[in-house]
Each structure stands twice: as C-alpha cells, then as structure tokens.
Amino acid sequence: MADQATGESKDPASFLSSIIGVPVTVKLNSGVVYKGELQSVDGYMNIALEKCQEFVNGKLRGTYGDAFVRGNNVLYISSE
C-alpha cells in the first residue's frame, strides 16, 4: 500500500496509529457503516470510536457517544 501524498509505503499498523483522533469510516462485513472519531485500535483490529453514527443502507440508524467494534467484523477502515 502506498501513501499517495508522499509516495512512501506504510504498513497497516503505522497507518492506524497515524489516524488516532481522526474522523474515520468503518465498514463491517455486513455492510453496516460506522462513522466517528477513532480512539484506539488493538492488534486484533478491535476499534473504539467516539461521536459515532451508524448507517444502514446509507441511512442514519443511530447515534452513539462511544462504540466498540469487534475486529473480526471489520471489512475496512478509512480516514475521511
């Protein structure tokens, strides 16, 4: 994976640690999308989000202060 801005390659752990505190989109294997501020990620890709919103089929389903997503459900994480 290449960092488009600098042309340097980044491993997933470096990328995830660089976006702590940044708004992210997390898509689950089920298609549900969570958007919020990334607070932490562990080695199993478990994710803690703050100011989290849940979207199902593109429609806002719920708003949560904090959310924890189990890593084996994560399809991808992207910074916004």
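In strand β4, Asp66 is the bridge partner of Glu50. The structure is a predicted model, in which local features require a pLDDT of at least 70 and side-chain atom pairs count only at pLDDT 80 or more, whereas totals for chains, interfaces and linings use all residues. Residues are numbered from 1 along each chain as its sequence is written, and side-chain values use heavy atoms, with hydrogens and water left out.

The protein contains 1 helix and 5 strands; helices (H or I, at least four residues) and strands (E, at least two) are DSSP runs, numbered from the N terminus. From the N terminus on, these elements follow the order α-β-β-β-β-β. Of the 80 residues of the protein, 31% count as buried, where buried means under 20% relative accessible area, exposed over 50%, and partly exposed in between (1.4 Å probe, protein chains only). Among contacts between residues at least 6 apart in sequence, 34% join residues at least 24 apart; a contact means heavy atoms within 4.5 Å.

The 5 strands form an open sheet in the order β4-β3-β2-β1-β5, with antiparallel pairing. Two strands are taken to pair if DSSP finds at least two bridges between them. The edge strands, β4 (59–69) and β5 (74–79), each pair on one side only. From one strand to the next, the twist averages 25°; axes are lines fitted to C-alpha atoms, for helices over the stretch in contact, and angles run from 0 to 180 degrees between N-to-C directions. In general, strands of a sheet pair through backbone hydrogen bonds, either parallel or antiparallel.

Individual pairings give further detail. Strands β3 and β4 run antiparallel and are joined by 9 bridges. Strand β1 (residues 23–28) is joined to β2 by 5 bridges, again in antiparallel fashion, and Val26 stands opposite Tyr34 in β2. The hairpin of β1 and β2 has 4 residues between the strands, and Gly31 in this hairpin takes a positive phi near 100°. Strand β1 is also joined to β5 by 5 bridges, the two running antiparallel; the bridge partner of Lys27 in β5 is Tyr76.

Charged side chains were examined next. The structure holds 1 salt bridge, defined as a side-chain nitrogen of Lys or Arg within 4 Å of a carboxyl oxygen of Asp or Glu. This salt bridge is formed by Glu37 and Lys51, whose closest N and O atoms are 3.5 Å apart. The pair links distant parts of the chain, with Glu37 in strand β2 (residues 33–41) and Lys51 in strand β3, 14 residues apart. Glu37 is partly exposed because its relative accessible area is 22%, whereas Lys51, at 59%, is exposed.

Glu54 lies in strand β3 (residues 47–56). This residue is buried yet has no salt bridge, and the nearest side chain of opposite charge, that of Arg61, is 5.8 Å away; Lys and Arg count as positive and Asp and Glu as negative, while His and the chain ends are not counted. The side chains of Glu54 and Tyr34 are joined by a polar contact of 2.8 Å. A polar contact is a pair of N or O atoms within 3.5 Å; within protein, one must be able to donate a hydrogen and the other to accept it, and residues adjacent in sequence count only if both atoms are side-chain atoms. Leaving aside neighbours within four places in sequence, the contacts of Glu54 include Val32, Lys59 and Tyr64.

Ser14 is placed in helix α1 (residues 12–18). Because its relative accessibility is 30%, Ser14 counts as partly exposed. The side chain of Ser14 makes a polar contact of 2.6 Å with that of Asp11.
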